[in-house]
Amino acid sequence: MASHKTAQIRLVSSHDEVYEPCDDSFALVDALLADRTNLLEHHPTLCMEIGCGSGYVITSLALILGQEGSGVNYIATDINPHAVKVTHETMEAHGVNAELIITDIAAGLENRLAGMVDVMVVNPPYVPTPEDEVGSEGITSSWAGGENGRSVIDRILPVADNLLSKKGWLYLVTLTANNPSEICGEMRKKGYASKIVVQRSTEEESLHIIKFWKDLDNEIEEINDQSPTGFMGSLLAQIPLLSLWRSKQ
Amino acid sequence: MRLLTHNMLSSNIKGVVNGFPLRIEAEKVLEKNVEMNSDFLKKMFEKIEWKAFVEASRGMGYTELPEEADSSMLDSDEFLNRFHHALLELHLEEGALVCPETGRRFPVRKGIPNMLLHEDEV
């Protein structure tokens, strides 16, 4: 079992009301594999997935980084109780484990877990939908993202910022319709640098897996960034990123 | 659910000021051996709210933790073993987590706490 670097599809459990591993899940795990050496050198203590669905991603992360003996523990949440159950089955089938909680994003964890998560992975509901579909029960909660697919993403980002440790990394799945460059801009204001780890176009969507990390040198600049010149400065600081986005699209 | 998780969870019902620690109602507790990693324990020790941890471990039927602890105790293998056991090897399989302020019970089924709130609690 240890020879497999990621979760095996034949061992992933399923349920009618749970999102099955799909292109976005594979792209996120590919991003983790592409960053595997960095992840191992990062020596995370606590890793977390928000919206664990089938458990494919958190299982893969646990297979990449190892379990308690390696000093790593995992926490995974989902608002859908069926998904948490399926994640439990998937992890068990692979001989790995995580602490699982049925909750909305990270409700209940935000006080005590603040500043403790070293690696966070999120494949959010990013599909643009009518706003009233967001947070529906069952499988709809796994994809319904509201306007521009951003409703849930925009709730997750401040939570991620709160939970991540000083050395914390976030891997986030986004769709072009989510306006990823704007997401990077929002995170830049919170002091995070970002890069695209995996970009993938399928027939239906163009996916980007973005990695965020705290850019401690530039954080100080941002705090002082109240003047009009400062605002221009922060816009200018985003230009390389924006031009990168243009060249990628 | 391990006590590691219990130590990180609070009741977040609207209006609740002090939702930590949740009181444990244990119906079924499981023990699962896991490999010990002392670096992990040392890192977590700084983050653990010890009093809540001791109380929770008693709620799970484990009474071997000292009332008070400081970081010098991490040099003792005996202490590390007990800390490890209570933090990572005890699982609340069936039971509930009770909000200390409102008494609202969050059920734990098959080891998984359900922290979802009702509409009037958000």
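Which side chains of chain A and chain B meet in a salt bridge at 2.6 Å, N to O? In this predicted model, the partners are A:Glu68 and B:Arg2, and the count between chain A and chain B is two salt bridges. Polar contacts also link the chains, with 11 residue pairs counted between chain A and chain B when both residues are held to a pLDDT of 80 or more.

On the side of chain A that touches chain B, helix H4 (81-93) and strand S3 (99-102) each supply at least two residues, and the largest share, four residues, comes from S3(A). Sorted by class, this side of chain A has 10 nonpolar, 12 polar and four charged residues.

The extent of the interface can be described by contacts and by area. In terms of contacts, 26 residues of chain A touch 26 residues of chain B. The size of an interface is often given as the accessible area lost when the parts come together. Here the area buried between chain A and chain B is about 2300 Å², and carbon and sulfur atoms give 59% of that area. Within chain A, the residues that lose the most area to chain B are A:Glu99, A:Ile102 and A:Arg112, which together account for 29% of what that side buries.

In the model, the end C-alpha atoms of residues 43-127 of chain A lie 33 Å apart, and the span is 27% helix and 25% strand.

Methods. Residues are numbered from 1 along each chain as its sequence is written. Chains are lettered from A and ligands numbered from 1 in the order in which they are written. This is a predicted model: local features need pLDDT of at least 70, side-chain atom pairs count only at pLDDT 80 or more; totals for chains, interfaces and linings use all residues. Side-chain values use heavy atoms; hydrogens and water are left out. Contact means heavy atoms within 4.5 Å. Buried area is the accessible area (1.4 Å probe) that two parts lose on being put together, summed over both. A salt bridge is a side-chain nitrogen of Lys or Arg within 4 Å of a carboxyl oxygen of Asp or Glu. A polar contact is a pair of N or O atoms within 3.5 Å; within protein, one must be able to donate a hydrogen and the other to accept it, and residues adjacent in sequence count only if both atoms are side-chain atoms. Ala, Val, Leu, Ile, Met, Phe, Trp, Tyr, Cys and Pro count as nonpolar, Asp, Glu, Lys and Arg as charged, and the others, Gly among them, as polar.
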